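Here's a quick briefing to read alongside the coordinates. Have the viewer open and click through as you go.

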Amino acid sequence: MITVRRAEEKDIPDIDMLLNQVNLVHHNIRPDLFNVGRKYTDDELQKIVKDDSRPIFVAVDDDDRMAGYCMTWFEQIIGDTIRTGVKTLYIDDLCVDENIRGQHVGATLYEHVKRYAKENGFYNITLHVWEGNDNAAAFYEKMGLTPQFTCLEAIL
């Protein structure tokens, strides 16, 4: 059975391994924008794990082995006269170990994050999906997310 809990320092090696899986997906889609390498150092991950404004949630099995994680942070626009300043929970990364995808670990993680956001007074959850990451886009659509805006680019 999969359960979800806040990440702890002991989880950093497994989070790092899964971050590398996410990085490779992004690198394969957009090698012009993503190098192969580490997103965070161990010191940075230690700080993030302890930061209550950047909660990381981990999905673990009965033996406390990590199956996936979801990195989040709080966003709120303050001082903008046009937008309303809602409190948003941003999903920076959600990754399920590539060896066990398709077993509803991602849905379990997302539903936990959604409950956390509701219980803590967030207005919405946002995230970005890179064009070409069709599996992620289909997953989030299945979870009920809809586009908020579209970001366009012109490569020069």
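This is a predicted model: local features need pLDDT of at least 70, side-chain atom pairs count only at pLDDT 80 or more; totals for chains, interfaces and linings use all residues.

The largest nonpolar core has 23 residues, and another core, of 17 residues, lies apart from it. Elsewhere, α1 and α2 pack at an angle of about 110°, and two non-glycine residues worth a click, D64 and H104, have positive phi values.

**Helix pair α1/α2**

- Helix α1 covers residues 12–29 and helix α2 covers residues 42–50, and their axes sit 11 Å apart.
- With an angle of about 110°, the two helices fall in the 65 to 115 degree range, so α1 and α2 count as roughly perpendicular to each other.
- The crossing of α1 past α2 is right-handed.
- On the α1 side the contact is made by I12, I15, D16 and L19, and on the α2 side by D42, L45, Q46 and V49.
- By type, the residues of this contact are five nonpolar, one polar and two charged.

**Nonpolar cores**

- In the largest core, I91 and L94 touch the most other members.
- At least two residues of this core come from each of β2 (56–60), β3 (66–76), β4 (87–96), α3 (105–119), β5 (124–127) and α4.
- The biggest contributor is α3, which gives seven residues.
- Beyond its neighbours within four places in sequence, I91 is in contact with C70, M71, T72, Y110, V113, I125, T126, L127 and Y140.
- The separate core of 17 residues includes L19, I56, V58 and Y69.

**F139 in α4**

- F139 is part of helix α4, which runs over residues 134–142.
- If you skip neighbours within four places in sequence, F139 is in contact with G106, A107 and Y110.
- F139 and C95 are 44 residues apart in sequence, while their C-alpha atoms are 11 Å apart in space.

**Positive phi in two loops**

- D64 has a phi near 65° and lies in the loop between β2 and β3.
- With a relative accessible area of 32%, D64 is partly exposed.
- H104 has a phi near 70° and belongs to the loop between β4 and α3.
- At 56% relative accessible area, H104 is exposed.

Key. Residues are numbered from 1 along each chain as its sequence is written. Side-chain values use heavy atoms; hydrogens and water are left out. Axes are lines fitted to C-alpha atoms, for helices over the stretch in contact, and angles run from 0 to 180 degrees between N-to-C directions. Helices (H or I, at least four residues) and strands (E, at least two) are DSSP runs, numbered from the N terminus. Angles under 35 degrees count as roughly parallel, over 145 as roughly antiparallel, 65 to 115 as roughly perpendicular and the rest as oblique. A crossing is left-handed if the near helix is turned anticlockwise from the far one by less than a right angle, and right-handed if clockwise. Contact means heavy atoms within 4.5 Å. Ala, Val, Leu, Ile, Met, Phe, Trp, Tyr, Cys and Pro count as nonpolar, Asp, Glu, Lys and Arg as charged, and the others, Gly among them, as polar. A nonpolar core is a set of buried Ala, Val, Leu, Ile, Met, Phe, Trp, Tyr and Cys residues joined through side-chain atoms within 4.5 Å. Buried means under 20% relative accessible area, exposed over 50%, partly exposed in between (1.4 Å probe, protein chains only).
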